[in-house]
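Hi,

Here is the structure I said I'd pass along.

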Amino acid sequence: LFVSLLELSQGPYYCGVGADKVKGRKIVEAHYRGCMYAGIKIAGSNGEVMPSQWEYQVGPCEGISMGDHLWVSRWILNRVAEEFNVVISMDPKPIPGDWNGAGC
């Protein structure tokens, strides 16, 4: 049984693939497409350490426009999530525990 060093250090969900590890990919991809359509400078997304925890990157942007792109991308994310009957949390550590990489 092969286990990667990344999986040992980050857990099985970080940048994961497969239905047994990844939850919410349809939301992430719909959000990405929505941002592209709206002209948001979205640069990428990836699964994080906790199951169903995702992050996305906005930019590069210049000056104050960064805030505009970020806030509108969050609005789009919440609207997309409504279609899937999912509530979005921006909390960096929504579940207590020793989740590597989760939290500020």
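Helix 2 and helix 3 are oblique to each other, and that pair is where I'd like to start. Keep in mind that this is a predicted model.

The two helices in question are helix 2, residues 25–38, and helix 3, residues 65–83; their axes come within 9 Å and cross at roughly 135 degrees. That angle is not over 145, so the pair counts as oblique rather than roughly antiparallel. As for handedness, the crossing of helix 2 past helix 3 is right-handed.

Which residues make the contact between helix 2 and helix 3? From helix 2 you have Ile27, Ala30, His31, Gly34, Cys35 and Ala38, and they meet Ser73, Ile76, Leu77 and Val80 of helix 3. Sorted by type, that contact has seven nonpolar residues, three polar ones and no charged ones.

Now the side chains with rings. I found zero aromatic pairs in the structure. There is a charge over a ring, though: the charged end of arginine 74 sits over the ring of tryptophan 71, 5.3 Å from the ring centre.

Most peptide bonds are trans, and most residues other than glycine have a negative phi. Against that background, glycine 59 and proline 60 are joined by a cis peptide bond, with omega about 0 degrees. Proline 60 belongs to the loop that runs between strand 2 (54–58) and helix 3. The other spot is asparagine 85, a residue other than glycine with a positive phi, near 55 degrees. You'll find asparagine 85 in the segment after helix 3.

Cheers

Key:
Residues are numbered from 1 along each chain as its sequence is written. This is a predicted model: local features need pLDDT of at least 70, side-chain atom pairs count only at pLDDT 80 or more; totals for chains, interfaces and linings use all residues. Side-chain values use heavy atoms; hydrogens and water are left out. Rings of Phe, Tyr and Trp (its six-membered ring) pair if their centres lie within 6.5 Å; planes under 30 degrees apart count as stacked, over 60 as edge-to-face and the rest as tilted. A charge sits over a ring if NZ of Lys or CZ of Arg is within 6 Å of the ring centre and within 35 degrees of the ring normal. Axes are lines fitted to C-alpha atoms, for helices over the stretch in contact, and angles run from 0 to 180 degrees between N-to-C directions. Helices (H or I, at least four residues) and strands (E, at least two) are DSSP runs, numbered from the N terminus. Angles under 35 degrees count as roughly parallel, over 145 as roughly antiparallel, 65 to 115 as roughly perpendicular and the rest as oblique. A crossing is left-handed if the near helix is turned anticlockwise from the far one by less than a right angle, and right-handed if clockwise. Contact means heavy atoms within 4.5 Å. Ala, Val, Leu, Ile, Met, Phe, Trp, Tyr, Cys and Pro count as nonpolar, Asp, Glu, Lys and Arg as charged, and the others, Gly among them, as polar.
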